[in-house]
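Hi everyone, and thanks for coming.

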Amino acid sequence: MILRAEGVRFGYHIDQPVLRGITLELCPGRVTALLGPNGCGKSTLLRCLNTSLRPQGGRILLDDRDVMAMAPREIARHIAVVPQDTPTDVPFTVRQMIMLGRYAHWDTWGQEIADDRCVIQRCLERMDITSLAGRLFSELSGGERQRVILARALAQQGTVLLLDEPTSHLDIAHQLEFYRMVRELATEGQAVLMVCHDIFVAPMFVDVAILMVDGNLLSCGSADKVLSEQNIAAAYGVRAQISRTGEASFQAQFK
Amino acid sequence: MSCRPHWISPRWMISALSLCLLVLAVTALMLGPAALSVRQVCQACCHAVRGQAEYDPVTRIVLTTRLPRILLAMTVGAGLAMSGLAAQTLLRNSLASPYVIGVSNGAAVGAVAAMFLVGKWIPFGAVPVLSAASGLMVTATVFLFAQRGRNFGHSLLLTGIAISAFCSALTAGALYLAGERLQTLVFWLMGGLWQATWSDVLIMLPLMSICLIGMLLLAPAMNVALAGQRSARDLGVNVRRLQSLLLFFLAVTTAVAVSRTGVIGFVGLIVPHLLRLTIGADHRGLVPASALGGALLLLTADTIARTAAAPVEIPVGILTALVGAPTFLWMLQYRAGGRAGV
């Protein structure tokens with residue numbers, strides 16, 4: 001399914017707009033990176049996309065259906081979110097935690113059905129965390145936790161995946177692994193939007209990069225095009241010298 | 001390193017609690033100033049079913065004195081424990097009790113005010129009604145104030161504490177001015193079931209059942225709510241509706257329970273907390289287990305309260321805390337030995 005935002009506007013206070021009319025499109029099979037300096041409205045935009053923050057202007061469309069008119073449950077069946085931080089004091093095992101992703105598919109009494117267990121098993125295997133299934137979520141490491149949350153998002157069986165700085169607590173090895181998983185999910189048909197601060201590693205794994213500044217889109221296109229010296233200077237106020245070494249990797253020197 | 005939690009299966013726990021409750025209920029029917037045998041109790045029940053209650057003294061003791069009291073203890077205990085669970089989930093804080101949002105202090109103010117008016121303007125029967133109404137009004141006030149805050153759970157807790165403090169100041173003032181009514185007021189505030197009648201049971205039983213069914217329906221959403229307010233919304237829960245419904249169940253059950261039996265502490269805090277440590281946090285098991293556990297705890301406490309120092313009756317609120325607090329500490333220590341609590 002295609003998720004489209006048209007002229008989305010939002011502000012926490014009436015006189016301080018955070019999003020000033022954002023238009024973008026997320027297509028199945030593509031990973032889109034949402035880049036930009038702190039406080040430019042990336043996370044706010046992400047939360048507007050699944051209407052957990054209600055946009056004050058514009059429209060959010062899922063294959064031409066208005067997302068703002070949908071119930072939270074129905075939205076969760078299509079759009080899954082991996083938040084920046086998850087409370088760690090949740091008294092659930094990994095399996096129970098992933099089971100929460102099935103909530104949107106349950107009937108009134110919340111009976112687990114065989115289908116749920118199959119989905120959970122697949123998600124566990126997909127994220128390679130079958131061995132953690134019986135452990136307590138609160139006792140996992142940061143990297144393991146992030147995988148559990150991604151597995152929970154997969155258990156929603158949606159078609160759009162929104163990731164909010166998913167790798168901010170991960171070391172470089174886990175970051176690479178996480179990006180590879182996300183890449184694979186996109187290949188399987190997910191439309192992925194990933195908010196990130198990482199302008200070095202993440203661009204190697206994305207199809208489209210969007211650079212946001214102060215509630216507006218500055219540039220949109222391939223990572224090479226978007227992460228130009230002028231754009232980096234305009235967005236972050238940092239002078240960079242960029243040299244491309246391989247096909248998709250690039251190096252930058254900051255002055 | 002073994003990190004697997006040592007939880008007991010909820011089904012097993014619910015069966016065990018039901019069995020204990022049944023045994024204890026029959027035992028409680030036998031105990032009292034006139035000790036009865038199992039056979040007498042069974043006969044009395046048979047008589048009651050056949051409608052021959054008036055002539056047999058044993059049947060009358062069982063039916064008019066003991067049975068309503070036992071049923072009231074069970075329903076109030078279950079209601080308080082479920083309200084405690086609702087409060088703990090609503091606030092994502094396992095230290096919350098149904099009283100933290102000001103229901104009990106509100107109900108106390110209403111009751112104390114009503115007792116001052118009794119005899120002058122209103123009949124004695126109006127005390128519980130005024131008390132419950134005032135408890136509900138206070139909760140509604142807390143809810144309206146808290147709704148303006150961005151973090152609903154936090155605002156609810158803070159507003160609740162502030163308004164509770166205000167109400168308890170009013171109650172304390174009333175006690176100070178009470179004069180010869182002081183003992184009645186103190187006795188009421190301590191909580192007890194000695195005035196149990198069938199009309200109390202007929203109010204509490206349906207209320208508790210509605211609360212139980214409502215919370216069973218909300219159980220999956222309550223599970224998701226434990227993952228945090230934002231995540232819950234992302235996973236498809238209508239968070240505001242869940243919070244309002246939980247608060248509604250909590251307020252109605254607690255306000256009515258307090259208006260009938262006074263402030264019985266600790267049941268609402270300890271029962272859901274201990275059960276969460278024993279069977280895990282899945283509300284589909286936790287809701288019925290809490291109801292049973294609360295019923296069991298309050299029935300035990302009340303049976304001890306009326307028999308231990310007979311003919312003097314110990315206020316049951318004192319007992320629940322006296323027995324509950326050490327058990328609670330022991331459990332916390334015991335659990336901390338193996339693994340950290342929740």
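First, the ground rules. This is a predicted model, where local features need pLDDT of at least 70 and side-chain atom pairs count only at pLDDT 80 or more, while totals for chains, interfaces and linings use all residues. Residues are numbered from 1 along each chain as its sequence is written, chains are lettered from A and ligands numbered from 1 in the order in which they are written, and side-chain values use heavy atoms, with hydrogens and water left out.

Let's start with strand β3 of chain A, residues 31–35. Strands here are DSSP runs of E, at least two residues long, and helices are runs of H or I with at least four, numbered from the N terminus. Is β3(A) enclosed or open? 5 of its 5 residues are buried, so β3(A) is largely enclosed by the rest of the structure. For the cut-offs, buried means under 20% relative accessible area, exposed means over 50%, and partly exposed is in between, with a 1.4 Å probe and protein chains only. A:Val31, A:Ala33 and A:Leu35 point one way from β3(A), A:Thr32 and A:Leu34 point the other way, and all of them are buried.

Which strands pair with β3(A)? Pairing means that DSSP finds at least two bridges between two strands. With β8(A), residues 191–195, β3(A) pairs in the parallel sense over 4 bridges, and there A:Ala33 has A:Met194 as its bridge partner. With β9(A), residues 208–213, there are also 4 bridges, again parallel, and A:Thr32 stands opposite A:Val208.

Follow β9(A) along and you reach β10(A), residues 216–221, which pairs with β9(A) in the antiparallel sense over 5 bridges. Keep A:Asp214 in mind, please.

Elsewhere in chain A there is an open sheet of 4 strands, in the order β2-β1-β4-β5, with antiparallel pairing. Its edge strands are β2 (16–26) and β5 (65–66), each pairing on one side only. Between β1(A), residues 3–13, and β2(A) there are 8 bridges, running antiparallel, and A:His13 has A:Gln16 as its bridge partner in β2(A).

Now the salt bridges. The criterion is a side-chain nitrogen of Lys or Arg within 4 Å of a carboxyl oxygen of Asp or Glu, and the whole structure has 17 of them over all chains. Back to A:Asp214: its side chain meets A:Arg20 at 3.8 Å, N to O.

Another pair is A:Arg147 with A:Glu177, at 3.0 Å, N to O. A:Arg147 sits in helix α5 (residues 142–155) and A:Glu177 in helix α6 (residues 172–187), 30 residues apart. A:Arg147 is buried, with a relative accessible area of 15%, whereas A:Glu177 is partly exposed at 32%. There is also a network: salt bridges that share partners join A:Arg4, A:Glu6, A:Glu25, A:Arg59 and A:Asp64.

Last, the contact between the chains. Taking contact as heavy atoms within 4.5 Å, 30 residues come from chain B and 36 from chain A. The chains bury about 2,900 Å² between them, 59% of it on carbon and sulfur atoms; this is the accessible area (1.4 Å probe) that two parts lose on being put together, summed over both. On chain B, B:Arg233, B:Asp234 and B:Leu235 lose the most area to chain A, together 23% of what that side buries.

How many salt bridges cross between the chains? The count is 1: A:Asp89 with B:Arg92, whose closest N and O atoms are 3.1 Å apart. In chain B, α8 (198–225) and α9 (229–234) each supply at least two residues of the side touching chain A, and α8(B) gives the most, with 6 residues.

That's my tour, so over to you for questions!
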